[in-house]
Amino acid sequence: MTRRTGQLHLNAFLKPPGEYLAAWRHPDTAADAGVNIREVLSFARTAERATFDAVFLADLVGVPFASEDVLSRVSVVNDSFEPTTLLAALAAGTSRIGLIATASTSYNEPYHVARTFASLDHISGGRAGWNVVTSLNDGEAQNFGLDAHLDHATRYDRAEEFHDVVTGLWDSFEDDAFRHDQASGVYFDPAKLRALNHEGKHLKVAGPLNIARPPQGHPIVVQAGASEAGKNLASRIADVIFSGINDLGRAQEFYAEIKERAAAHGRDPDHLKVLPALSVVTAPTESEARDKLARLTELLPPQVALADLSYWLGGFDLSPYPLDGPLPELPVSNQSQTAQQQIYENARRDHLTIRDLVHRVANDDRTVTGTPQQIADHIEEWFHGRAADGFNVVFPYLPGTLDDFADLVIPELRRRGLFRTHYTGTTLRDHLGLPRPSRRA
Amino acid sequence: MTDPTARRLTLGALVQGSGGHIAGWRHPDARPDGQLDFAFHADLARTLERGRFDALFVADVVALWGHQLDSLSRTGRAEHFEPLTLLAALSLVTEHIGLAATATTTYNHPFHIARKFASLDHISGGRAGWNVVTSVVPLEAANFGYDRHLEHELRYHRADEFVQVVKALWDSFDDEAVVRDKATGRYYDPTGLHTPHHRGEHFAVRGPLNISRPPQGHPVVFQAGSSETGREFAARHGEVLFTTQHELGAAQAFYADIKARAAAHGRDPAHVLVWPGLSPLVAATETEARRRLTELQDLIHDDVARRLVQDNIGDLDLSDHPVDGPLPDIPETNRSKSRRDLLLKLAHDEKLTIRQLAHRFAAGSAVAGTPEQIADHIETWFRSYAADGFNISFPYLPGPAEDFVDQVVPLLQQRGLLRTEYEGTTLRENLGLPRPAVRDRHLQETGR
């Protein structure tokens with residue numbers, strides 16, 4: 001394993017009051033953190049103090065389908081801030097950290113999305129990022145006049161066109177178009193404005209956008225697709241790729257493949273940062289860390305764990321199947337094909353029953369638990385092993401696991417020279433070491 | 001005149017980085033690049049809060065503010081923040097002032113709008129307001145896949161359904177439904193969840209909204225329709241109504257009409273506030289104030305003057321018409337009807353040239369005078385039931401806003417017209433508007 005020069009990139013994945021479905025029940029969380037701005041702001045400030053590259057907000061534009069009993073026992077999907085309004089508020093309450101939010105290409109208009117992220121980039125002084133998603137579930141579709149979610153291929157086809165429209169709109173004005181010259185009365189130079197006049201398969205958008213080119217040129221584009229269509233799209237358009245892979249070997253394969261694909265698109269592979277998810281519970285000793293996780297996982301009702309497994313399998317109802325039997329053959333998911341496939345592979349490889357799988361969800365087996373040194377070792381192994389350029393750090397409950405990461409793991413990473421001690425730039429692009437895109441010719 | 005103590009004056013301020021006057025950005029004391037400067041907006045918001053304004057308001061168009069580049073490139077309107085992101089950021093640097101913005105019902109989806117304003121209401125602790133508009137600028141249609149914008153009546157029809165859906169989404173959860181009981185593990189009580197399952201003519205929206213009920217119940221609904229259809233819509237849904245009024249008598253007539261219409265819809269007329277526009281320019285003497293207004297008018301370029309008239313009358317080309325000559329005859333169009341009628345009548349009655357009409361329009365509801373004169377104007381309109389308050393547009397920024405806050409506001413306070421401290425914590429409380437109960441929605445819908 002050849003050691004790499006350079007440093008890690010770390011995103012703080014904020015899902016107040018935590019990623020774990022029962023996080024809101026934890027005695028140290030604010031149950032209302034999803035709609036409590038003081039709480040969320042304090043999380044963002046902690047992440048900024050720890051010099052994370054960015055905070056990241058996931059999003060669904062609708063409540064997923066599940067039983068009333070299950071839904072009424074979870075927090076985030078029912079009761080969370082809308083991400084772009086939240087990020088704008090966080091922009092005013094922080095000064096350096098990047099601000100990334102999810103916005104769906106399936107249930108939005110590109111003009112609104114281009115504008116919102118351009119505005120956020122201006123408000124924050126160049127710290128905005130857009131996570132391009134195609135949305136996940138029928139609960140979302142039915143809020144927008146559709147009976148069912150668009151099929152996978154159509155979604156990705158639209159997403160690519162949508163992205164191209166958004167970036168085209170960001171390029172409406174040249175960087176130096178606005179003169180603000182009081183004496184001559186020229187506010188902007190009309191020769192430096194261009195309408196998009198896009199007419200494509202899915203979208204028709206005239207433009208131009210009604211805002212100056214964003215400070216970053218384009219806000220950072222993030223993508224997380226891991227299906228064939230997803231990887232193809234991400235390697236072409238993304239500055240950052242999130243992945244949910246938690247197996248080192250598979251992560252290395254994915255990393256190599258993405259970098260190759262980026263090169264095949266004529267891009268510098270270093271300009272596409274691969275950040276797998278990393279859920280962390282840490283404490284000075286291993287047993288303390290394990291106790292922390294155990295105190296959290298005991299709070300999850302079993303019916304919620306089963307429903308969560310069903311959700312990731314594509315909304316398939318598992319209740320008719322015996323808990324101690326194997327996972328049945330399921331139709332290919334129209335939600336996240338990758339998530340479904342990963343659960344399947346794990347189940348087959350380890351001969352797991354449905355009960356085992358539910359147990360894994362309940363025990364949050366994706367979480368890496370250990371001392372700060374162990375966590376740093378894991379991070380270092382993945383980084384030098386070219387499985388990751390950094391991580392999208394997931395916090396099972398907030399602020400506890402974020403505070404621990406900031407106070408215990410970050411100093412260890414800094415000691416090892418793996419992570420910055422202070423911000424050297426002002427924009428998210430600066431933090432990620434990515435060039436500012438020139439305006440499309 | 002009846003005793004006005006039961007009423008209290010309310011104030012909103014239109015926030016545009018470069019100012020409300022079309023040439024305001026060129027004034028030597030203006031901030032020509034203020035439009036995309038967040039710190040500048042934050043300072044302005046705090047100034048308004050110091051002046052105990054109820055709300056600041058951000059107007060919006062989801063397109064460039066015109067397509068004639070020769071004129072557009074000479075105004076400060078070619079760039080602006082997206083309003084919801086601006087307001088959310090401002091909520092963090094202010095404590096009391098209401099935060100209202102325009103969002104069109106023509107080129108948005110109700111789920112997103114319900115969600116963003118609910119989110120803003122939670123972020124700001126109950127200070128959000130939504131100015132409901134139907135889009136009239138043809139350029140907007142082209143940004144959303146349409147060749148032309150919707151016809152007038154259809155736009156209002158869609159808007160009506162849009163508002164109903166948004167309110168139903170805000171009411172997804174009862175106020176008490178979200179119990180967040182850590183011990184029992186119930187986040188919400190399922191009996192308090194009302195999934196809208198809306199299927200209407202324009203929208204199919206299942207819901208529920210994925211956020212608990214806004215602190216205000218519903219963010220305050222602002223409206224500005226003044227055509228017949230628009231007034232009906234405003235009287236049915238609006239809680240604060242913007243209106244352009246240049247003359248006391250007409251303003252009183254509008255005021256009385258809106259209050260009567262609101263009553264006819266079974267609403268308490270006191271809960272529909274009428275806010276005419278007002279553009280104050282304060283100076284030590286009236287002469288000085290007028291001189292400053294003239295100075296601003298002289299900064300309007302000829303192309304901008306033509307475009308100003310053109311944009312407010314219809315899709316018609318004035319470029320061959322001398323700016324110091326009269327208006328040509330004008331065909332019926334599909335634009336916002338009331339403003340067009342107003343301008344045509346004005347031009348005809350007073351034999352105005354294009355430039356003069358442009359200056360009238362640019363001056364808008366300008367009142368140039370001493371602090372006493374401006375306070376008198378406000379008091380007169382308020383006490384004679386022409387206004388419950390004003391939507392104030394400062395000709396340029398920040399000077400005239402600071403002057404108003406430092407010189408006019410104390411007078412209004414001395415006269416007992418304006419609060420010295422905010423009455424409540426939410427925009428609704430400060431405006432004296434009741435917080436809607438979830439049940440009201442069902443009564444309204446079945447009772448109509």
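# Questions on terms in a two-chain model

Trainee: Strand β7 (residues 220–223) of chain B is joined to β8(B) by 2 bridges, and the strands run parallel. What makes these two strands a pair?

Mentor: Two strands pair if DSSP finds at least two bridges between them. β7(B) and β8(B) have 2 bridges, so they pair. B:Phe222 stands opposite B:Val240 of β8(B). Strands here are DSSP runs of E of at least two residues, and helices are runs of H or I of at least four, numbered from the N terminus. This is a predicted model, in which local features need pLDDT of at least 70 and side-chain atom pairs pLDDT 80 or more, while totals for chains, interfaces and linings use all residues. Residues are numbered from 1 along each chain as its sequence is written, and chains are lettered from A and ligands numbered from 1 in the order in which they are written.

Trainee: Which strand does β8(B) join by 4 bridges?

Mentor: That is β9 (residues 273–282) of chain B, and it runs parallel to β8(B). There, B:Trp275 is the bridge partner of B:Phe242. From β8(B) the chain crosses through helix α8 (residues 248–264) to β9(B), a right-handed β-α-β crossover.

Trainee: What makes a crossover right-handed?

Mentor: With the strands pointing away from the viewer, the path from the first strand over the helix to the second runs clockwise.

Trainee: Which residues is B:His27 in contact with, leaving aside neighbours within four places in sequence?

Mentor: They are B:Leu296, B:Leu299 and B:Tyr396; contact means that C-beta atoms, placed from the backbone, lie within 7 Å. The C-alpha atoms of B:His27 and B:Leu296 are separated by 6.8 Å, although the residues are 269 apart along the chain.

Trainee: How do you know that chain A agrees with a compact globule?

Mentor: The radius of gyration is taken over C-alpha atoms, and the globule rule is 2.2 Å times the number of residues to the power 0.38. For 441 residues a compact globule would be near 22 Å, and chain A has 22 Å, so the value agrees. Of those residues, 56% count as buried.

Technical notes: Contact = placed C-beta atoms within 7 Å. Buried ≥ 20, exposed ≤ 12 C-beta atoms within 10 Å, placed from the backbone.
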